[in-house]
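Please read the following report alongside the sequence and the coordinates.

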Amino acid sequence: MEADNSDSDDDQDFLEGCVPAGSYVTIVLESVKPKNYNEIGTNSLLCAATLLPHENKVSVVHMGLQNCMGESTEAPVKSKDILTFRCGWRTWTGRPIFSQNNLKCDKHKFERYMPQSGGFFAASVFGPVTYTPCPMLVFRNVNGMKQLVAFGSMIGADADRTIVKRIILTGFPVRVRKRWASVKYMFSDPEDVKWFQPAGLTTKHGLNGKIEQSIGEHGTMKCLFNAPIKQHDTVCLCLYKRVYPKFVEDCNPGDEEDGTCDIRRKNTLIVK
């Protein structure tokens, strides 16, 4: 009997402050501007919903999307463009970055534009924490109208997901002797050659190599490869940089297209 009484007391403590099911309640909204109140029509329906733990916080959310525009002639969607996201019953705007959705890798390649091939890709944006599964709709503003550009589902919130951007520096061998080559036009300063000396080199014909030393004062370098290199080959140096999504600026209507947005509130996310 004592155990039953303790369980009932715990239930009473848990239900304290809760509203019984089937009850009528009155919700009062404070600090509502008259302008926003007048925008609500007499036939409009207002919905109220509760949040799960941590859903009132902002993080970097990732979503798996698929382009629904196809091979259209319209302008492609660029990374960090202002887009509108509809996730469940919440809507917000953000500047996402697109990347490849690699399932077996911890680093994902950055995409400058939204892929149009029809395959799945990932979009990362600052947004409210949302648990999976949850459908996603992505819109962009075209002449004052919302155009659906992608759809998919939420992957999750993870600020440690690494998205890297790759650039390739190229040079050309001017003197070749078996596995040795003097490479020019990749750098213009000997200090740059010394800085990137620990980095590995590749060629378009599949060779791997390294920088041995700097030659002269114009960025020429002496390189060693794992096989004899040909005169018409191209030497490449791949560099990687981690990229992050951006907070959306507080823009006036119509300023999104011409890029005249003024940053009035930094690090602020408005969820509707």
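## A lysine in a positive patch

K246 has a relative accessible area of 37% and is therefore partly exposed, where buried means under 20% relative accessible area, exposed over 50%, and partly exposed in between, with a 1.4 Å probe and protein chains only. The model is predicted, so that local features need a pLDDT of at least 70 and side-chain atom pairs count only at pLDDT 80 or more, whereas totals for chains, interfaces and linings use all residues. Residues are numbered from 1 along each chain as its sequence is written, and side-chain values use heavy atoms, with hydrogens and water left out.

K246 lies in the loop between β14 (235–242) and α4 (255–258); helices (H or I, at least four residues) and strands (E, at least two) are DSSP runs, numbered from the N terminus. Together with K78, K80, R112, K165 and K241, K246 forms a positive surface patch. Patches are made of residues with over 30% relative accessible area and no salt bridge, like charges being joined within 9 Å and nonpolar side chains (Val, Leu, Ile, Met, Phe, Trp, Tyr) within 5 Å. Lys and Arg count as positive and Asp and Glu as negative, while His and the chain ends are not counted; the place of a charge is taken as NZ of Lys, CZ of Arg, CG of Asp or CD of Glu.

## Salt bridges

Two salt bridges are counted, each defined as a side-chain nitrogen of Lys or Arg within 4 Å of a carboxyl oxygen of Asp or Glu. In one of them K107 pairs with D106, with 3.6 Å between the closest N and O atoms; D106 is exposed at a relative accessible area of 57%, and K107 is partly exposed at 49%.

A salt bridge also joins the side chains of K210 and E212, at 3.7 Å from N to O. K210 is partly exposed, with a relative accessible area of 44%, and E212 is likewise partly exposed, at 27%.

Most residues other than glycine have a negative phi, and most peptide bonds are trans. Against that background, H54 has a positive phi of about 75° although it is not a glycine. H54 is situated in the loop between α2 (34–38) and β1 (58–67) and is partly exposed, with 43% relative accessibility.

K80, which is one of the residues of the positive patch, also has a positive phi, near 75°; K80 sits in the loop between β1 and β2 (83–87) and counts as partly exposed at 30% relative accessibility. The peptide bond from T132 to P133 is cis, with omega near -5°, and P133 belongs to the loop between β6 (120–128) and β7 (135–142).

## A nonpolar surface patch

Which residues form a nonpolar patch on the surface? The patch consists of V19, V25, I27, L29, V32, Y37, I40 and L46, which together have about 850 Å² of accessible area; accessible areas come from the Shrake-Rupley method with a 1.4 Å probe, and for residues only the protein chains shown count as cover. V19 lies in the loop between α1 (2–15) and α2 and is exposed, with a relative accessible area of 54%.

## Buried positions and their contacts

P173 is placed in strand β9 (residues 162–177) and is buried, at 6% relative accessibility. Beyond its neighbours within four places in sequence, P173 is in contact (heavy atoms within 4.5 Å) with A181, S182, V183, I229, K230, Q231, D233 and V235. The C-alpha atoms of P173 and K230 are separated by 8.3 Å, although these residues are 57 residues apart along the chain.

T220, found in strand β13 (residues 220–225), is buried at 13% relative accessibility and, with residues up to four places away in sequence not counted, touches V183, K184, S214 and I215. T234, in the loop between β13 and β14, is buried at 11%; apart from neighbours within four places in sequence, T234 contacts T170, G171, F172, T202, T203 and K204.

## The chain as a whole

The protein has four helices and 14 strands, and buried residues make up 32% of its 272 residues. Of the contacts with a separation of 6 or more, 68% are between residues 24 or more positions apart. The protein exposes about 18,500 Å², of which carbon and sulfur atoms supply 53%.
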